[in-house]
Amino acid sequence: MNYLSVEKLSKSYGEKVLFGDLNFGIDQGQKVAIVAKNGSGKTTLLNCLLEKEDYDEGRIVYRNGIRVSFMEQSENLPEESSINEVLLDHDLPELRAIKRYRKALANNDDKALEQSYQELSELNAWDIESKVDQVLDKLELKNSESKIKTLSGGQKKRVALAKVILSEADFLILDEPTNHLDLDMIEWLEGYLSSSNATILMVTHDRYFLEVVCNAIFELSDKTLYKYNGNFSYYLEKKAEREEQRMSTIEKARNTFRKELDWMRRQPKARGTKQKARKDSFVEIKKVAFQKVDSQEMQIPIKMQRLGSKIIELHKISKSFDEKKIIENFSYNFLKKERLGIVGKNGAGKSTILNMIMNDVNVDSGKIVIGDTVKFGYYSQALIKVSDNKRVIDVIKDIAEFIPLEKGKEFSAAQLLERFLFPRDMHYQLVSKLSGGEKRRLKLLTVLMDNPNFLILDEPTNDLDIFVLSVLEDYLRNFPGCLIVVSHDRYFMDKMVDHIFVMNGDGKINNIIGNYTAFRENEKQTKKEKQTKKIVALAPKVDVKKEKNKLNFKEKEEFKEIEKEIEKLEIQKNEITNELANPSKTGEELNEMGKELSLIVHKLEEKTNRWFELSEFM
């Protein structure tokens with residue numbers, strides 16, 4: 001069943017054509033990602049699909065009756081509203097009912113509570129009410145009465161994402177959904193969207209996310225759209241085949257063109273004497289042979305300054321903000337070719353430790369010693385800060401007209417910009433007109449061109465396209481200096497680092513040897529061992545010598561008992577749900593029953609999960 005149909009869609013800004021004559025459709029259940037280089041028009045395409053932006057020509061048709069939900073940019077959220085008000089601001093009757101219920105609860109309005117309980121029961125919306133709490137918890141939006149204006153940019157982004165998730169829409173459109181999420185949140189969202197029945201169209205640069213969630217990839221390139229029915233690995237394989245085939249076609253056309261050109265030159269000057277069909281064919285061959293092949297690759301030819309033996313020493317450093325401990329009595333010596341990743345929940349202090357090393361934030365106690373030969377290159381999360389009338393080439397010239405390379409060579413500012421995929425026609429463009437990814441790429445260039453030997457990258461992958469990321473990864477793998485990375489891009493972390501600082505938010509920092517995947521495996525194993533110890537401590541001791549492949553007598557009895565308990569809990573749940581619709585109940589009674597229902601639903605989930613565990617061996 002087709003949910004979206006797009007025919008002959010075109011969009012341009014003046015002489016710059018972003019895309020033309022696009023034709024594609026998205027079917028029910030498809031999970032599609034659009035990938036493209038920065039500035040190719042991904043976000044513009046989404047805005048056209050949502051009619052937030054005019055397009056030159058074409059036709060966009062959604063299936064009648066489906067609900068479409070778009071993840072708004074965080075700056076569009078109403079500043080004076082609370083998180084709750086924004087999340088529940090939907091046409092969905094269940095969410096409107098939950099909004100009234102929560103308002104009545106906050107106001108302690110017995111009459112309104114009574115009506116809300118009855119409405120929620122009639123709509124069977126208690127499961128959705130539980131889902132609201134789950135989403136708030138997973139995205140760490142725990143104080144749901146907070147005003148939007150008091151939230152950070154990352155928190156606003158998570159509110160916008162939560163609103164889309166709770167919309168219960170048939171078709172979700174997501175623009176960079178993983179930005180500003182920590183690793184746990186990303187993995188939860190990955191699992192949620194993978195198992196969701198919703199049809200999804202998204203723009204994201206998270207390659208693991210693309211691999212796990214998507215079953216179709218659309219690449220916007222050469223002003224057109226290439227469609228691949230598969231995940232990210234399939235897309236990379238087929239894209240390579242497509243480009244190889246295209247190059248082969250062009251090479252054949254060029255060989256034929258040379259022969260035909262020779263024939264054209266040898267013929268009499270009077271064009272009428274030449275074979276018309278062959279002349280027409282010559283024109284077509286020339287078009288193919290002279291196709292522009294975008295073979296540009298971002299190159300970073302900057303040399304590194306020498307790094308001495310003494311690099312950075314952290315001596316028993318501590319840092320707190322009010323009562324929250326960020327780092328407590330931590331010591332560490334950085335070595336040559338250090339490749340460190342830093343992970344932790346939002347607010348755990350990842351950026352703080354970077355700012356302490358850069359001396360932008362003071363330590364409370366202890367000291368940080370920086371070696372004399374260390375030259376930092378610090379890439380922060382903030383966008384490049386220049387005046388609105390600043391041009392791209394002026395940003396580079398303000399640092400240096402010429403940049404020294406290895407073996408006494410040098411690059412002009414214009415040459416360096418071209419190597420960084422800023423063609424000549426962009427050099428005198430205003431920085432304010434660049435896309436988010438282009439601004440970040442320009443900022444990265446200003447950091448690297450200063451020849452650092454110690455790179456500190458705070459979320460370097462945000463807004464960079466997957467093609468630029470691939471080249472950046474190649475450069476960083478060969479970078480002979482020290483590297484510290486804070487990133488939520490799991491693919492990037494896996495390729496870049498060989499050990500990880502885990503910041504738990506309690507002042508303690510654990511040093512895990514290995515990349516991100518090794519860290520997660522270690523974390524899962526630790527959690528599993530803790531659960532096993534807990535189960536062993538509670539359960540009677542059994543001598544287990546063989547690998548488990550069936551239930552013992554006690555577990556079989558437990559399985560039977562759980563089935564009975566689940567049945568009883570379902571009956572209790574239905575009884576309370578029916579009682580909630582009783583108009584004679586007072587507000588206080590309804591409130592107590594609501595709490596009891598929540599406990600029963602929680603127990604039901606626990607018992608059901610255990611039933612599934614045991615049923616595997618039945």
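Two strands count as paired when DSSP finds at least two bridges between them. Helices (H or I, at least four residues) and strands (E, at least two) are DSSP runs, numbered from the N terminus. With that in hand, here's a quick tour of a predicted model, where local features need pLDDT of at least 70, side-chain atom pairs count only at pLDDT 80 or more, and totals for chains, interfaces and linings use all residues. Residues are numbered from 1 along each chain as its sequence is written, and side-chain values use heavy atoms, with hydrogens and water left out.

**The six-stranded sheet**

- Let's start with an open sheet of six strands, in the order β14-β17-β18-β12-β19-β20, with mixed pairing.
- β14 (376–379) and β20 (509–513) sit at the edges with a single partner strand each, so one side of each has no neighbour in the sheet.
- On average, neighbouring strands here are turned by 15° against each other, direction ignored; axes are lines fitted to C-alpha atoms, for helices over the stretch in contact, and angles run from 0 to 180 degrees between N-to-C directions.
- Helix α11 (residues 350–357) lies across β12 (339–344), β14, β17 (454–458), β18 (482–486), β19 and β20, and runs at about 140° to β12.

**Strand β19 and its partners**

- β19 (residues 499–503) pairs with β20 in the antiparallel sense over five bridges.
- Across that pairing, I500 stands opposite I512, and H499 stands opposite I513.
- The hairpin of β19 and β20 has five residues between the strands, and G505 takes a positive phi near 85° there.
- β12 and β19 run parallel and are joined by five bridges, with V343 having V502 as its bridge partner.
- Five of the five residues of β19 are buried, so this strand is largely enclosed by the rest of the structure; buried means under 20% relative accessible area, exposed over 50%, and partly exposed in between (1.4 Å probe, protein chains only).
- H499, F501 and M503 point one way from β19, while I500 and V502 point the other way.

**A look at I173**

- I173 is found in strand β6 (residues 171–175), and its 0% relative accessibility counts as buried.
- Leaving aside neighbours within four places in sequence, I173 is in contact (heavy atoms within 4.5 Å) with several residues, including L46, L50, Y62 and L201.
- The C-alpha atoms of I173 and A33 are separated by 9.8 Å, with the two residues 140 apart along the chain.

**Aromatic rings**

- The structure holds 14 aromatic pairs; rings of Phe, Tyr and Trp (its six-membered ring) pair if their centres lie within 6.5 Å, and planes under 30 degrees apart count as stacked, over 60 as edge-to-face and the rest as tilted.
- One of them is the tilted pair of Y3 and F171, at 6.5 Å centre to centre and 35° between the planes.
- Y3 lies in strand β1 (residues 2–13) and F171 in strand β6, so this pair ties together parts 168 residues apart in sequence.
- Y3 counts as buried at 7% relative accessibility, and F171 is buried at 0%.
- F24 and F218 have ring centres 5.5 Å apart and planes at 70°, so their pair is edge-to-face.
- F330, Y332, F334, F376, F454 and F501 form one aromatic cluster.

**Charges over rings**

- A charge sits over a ring if NZ of Lys or CZ of Arg is within 6 Å of the ring centre and within 35 degrees of the ring normal.
- The charged end of R441 sits over the ring of F422, 4.7 Å from its centre.
- K443 has its charged end over the ring of Y379, 5.4 Å from the ring centre.
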